[in-house]
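This report describes one structure.

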Protein chains: 2
Amino acid sequence: MAARRRSQPSTTRTAILDVAERLVQSRGFNGFSYADVAAELQISTAALHYHFPGKAELGHALVDRYAQRFGEALEAIAAMGVPPPEKLRAYADLYLRVLCDERMCLCGMLAAEYQTLPDAMRNSVVSFLDHNCDWLADLLETGRSEGSLEFVGAAQEAAQMIVGALEGAMLVSRPYANTEHFEVIADRLIGELTPERSPARSR
Amino acid sequence: MAARRRSQPSTTRTAILDVAERLVQSRGFNGFSYADVAAELQISTAALHYHFPGKAELGHALVDRYAQRFGEALEAIAAMGVPPPEKLRAYADLYLRVLCDERMCLCGMLAAEYQTLPDAMRNSVVSFLDHNCDWLADLLETGRSEGSLEFVGAAQEAAQMIVGALEGAMLVSRPYANTEHFEVIADRLIGELTPERSPARSR
DNA sequence: GTCTATAACGAGATAGAC
DNA sequence: GTCTATCTCGTTATAGAC
């Protein structure tokens with residue numbers, strides 16, 4: 001029972017985070033309200049304020065939880081025991097899975113609203129992007145040294161491009177309400193990093 | 001005097017659009033209010049309602065004007081009498097100039113907030129993206145047939161990737177409050193489309 | 001065209017009972 | 001932990017005077 005209490009961070013708190021997360025990812029931090037979350041959970045907004053004193057605190061908890069989960073997903077991919085190109089594909093699939101749920105990446109959404117965010121949230125958004133870039137740069141460098149990935153210049157810069165391009169792919173895909181738009185971009189990105197065994201036509 | 005009146009769509013109306021445009025590009029459509037615009041122009045919100053009955057109408061006017069200006073910029077580039085790679089660079093520079101002003105692309109911002117937008121605005125955002133893709137696909141196809149640009153697969157798909165990647169580059173660059181992040185991505189994008197002999201980096 | 005005044009509503013937040 | 005009730009403020013919008 002003690003063990004259970006320790007691993008149970010209040011079921012309501014988690015439910016609030018889950019609903020708020022989906023709302024922010026689909027409508028933006030400035031596009032949802034405590035009332036929206038409360039209505040969906042059939043509780044009062046006062047209950048929300050018990051768990052999260054203000055919207056800023058809720059937002060901060062959201063992005064921190066998201067970043068932690070994403071970080072765990074990255075570790076899982078890193079541990080996967082497949083070659084770098086497949087890990088790169090698995091990375092892009094993380095984004096695709098979010099998009100399939102008709103959501104934008106939480107931190108991509110918050111990046112758009114960056115200038116209106118509380119300070120604490122801003123820092124967490126930048127940390128998320130940095131962490132992704134670092135992880136990717138490491139993967140890219142490993143792949144290049146093995147010969148399984150090909151790119152010019154610094155791995156950090158190639159990583160920046162991948163993160164930016166995937167976030168942008170999600171951004172422009174959602175208005176079309178399909179995932180093909182995203183997949184086309186992800187495929188091209190990965191294709192450009194993968195050595196060509198059968199050279200493409202070029203004059 | 002008649003000519004003047006014809007080419008003068010009310011100086012206040014234009015001023016409202018200018019201020020609102022900047023606010024939406026920096027804070028989002030859900031992150032600004034009539035009061036913000038009114039305060040900056042030192043007029044009342046009632047005056048705003050005279051020119052634009054509601055926020056939806058103002059938003060629609062904003063995105064339509066933006067799309068028209070962007071379209072004119074594309075025509076100007078198309079008419080430039082330089083080879084396709086330079087036109088591609090000029091295209092990326094359109095985005096860079098927006099970012100230098102600490103703004104997101106208006107339609108990129110609205111794409112993030114897409115699910116909260118009035119219908120009329122939604123359609124205009126999609127039209128903007130489509131127009132950009134079509135224009136780029138045409139440029140890419142021309143470049144490939146000339147041998148000045150290189151890419152695999154359909155021009156439409158390569159164009160989708162460029163639009164998505166540039167929008168994403170703006171998105172992730174703004175939290176870093178510099179343009180280098182964007183420029184790194186733009187340079188890589190262009191570099192990948194340019195045959196090896198001339199790396200041709202500007203700056 | 002622009003103003004003041006105000007209505008109508010929603011959002012974020014707090015107090016205090018249970 | 002959750003509720004009801006309430007408060008304050010900001011936002012959108014309208015009415016009517018000038």
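## Contact between the chains

Contact means heavy atoms within 4.5 Å. By that rule, 44 residues of chain A are in contact with 43 residues of chain B. The area buried between the two chains is about 4000 Å². Buried area is the accessible area, taken with a 1.4 Å probe, that two parts lose on being put together, summed over both. Carbon and sulfur atoms give 61% of the area buried between chain A and chain B. In chain A, the residues that lose the most area to chain B are M161(A), L171(A) and R188(A), together 17% of what that side buries.

This is a predicted model, in which local features need pLDDT of at least 70, side-chain atom pairs count only at pLDDT 80 or more, and totals for chains, interfaces and linings use all residues. Residues are numbered from 1 along each chain as its sequence is written, chains are lettered from A and ligands numbered from 1 in the order in which they are written, and side-chain values use heavy atoms, with hydrogens and water left out.

## What makes up the chain A side

The count of salt bridges between chain A and chain B is 0. A salt bridge is a side-chain nitrogen of Lys or Arg within 4 Å of a carboxyl oxygen of Asp or Glu. Polar contacts between chain A and chain B come to 6 residue pairs, both residues at pLDDT 80 or more. A polar contact is a pair of N or O atoms within 3.5 Å; within protein, one must be able to donate a hydrogen and the other to accept it, and residues adjacent in sequence count only if both atoms are side-chain atoms.

Five elements of chain A each supply at least two residues of the side that touches chain B: α2 (11–27), α7 (106–112), α8 (119–146), α9 (155–173) and α10 (180–193). α9(A) gives the most, with 11 residues. Helices (H or I, at least four residues) are DSSP runs, numbered from the N terminus. By class, this side of chain A has 22 nonpolar, 12 polar and 10 charged residues. Ala, Val, Leu, Ile, Met, Phe, Trp, Tyr, Cys and Pro count as nonpolar, Asp, Glu, Lys and Arg as charged, and the others, Gly among them, as polar.

## The surface near DNA strand D

A residue is near a strand if one of its heavy atoms lies within 4 Å of it. DNA strand D is surrounded by 16 residues, and the closest are T12(A), S44(A), H51(A), Y34(B) and H49(B). The largest share, 4 residues, comes from α4(A). The classes are 7 nonpolar, 8 polar and 1 charged.

A polar backbone atom of Y34(B) is 2.9 Å from a phosphate oxygen.

## Salt bridges

Over all chains, the whole structure has 16 salt bridges. R69(A) pairs with E21(A), the closest N and O atoms being 3.8 Å apart. R69(A) lies in helix α5 (residues 55–78) of chain A and E21(A) in helix α2, so the pair ties together parts 48 residues apart in sequence. R69(A) is partly exposed at 42% relative accessibility, whereas E21(A) is buried at 7%. Buried means under 20% relative accessible area, exposed over 50%, partly exposed in between (1.4 Å probe, protein chains only).

R22(A) and E40(A) form a salt bridge at 2.0 Å between the closest N and O atoms. This pair links helix α2 with helix α3 (residues 34–41) of chain A, 18 residues apart. R22(A) is partly exposed at 30%, and E40(A) is partly exposed at 42%. In chain B, R65(B) meets E21(B) at 3.5 Å, N to O. Both R65(B) and E21(B) are buried. Shared partners join D18(A), E21(A), R65(A), R69(A), D101(A) and R103(A) into one salt-bridge network.

I16(A) sits in helix α2 of chain A. I16(A) is buried, at 0% relative accessibility. Not counting residues up to four places away in sequence, I16(A) touches V37(A), L41(A), L48(A), H51(A), F52(A) and L58(A).
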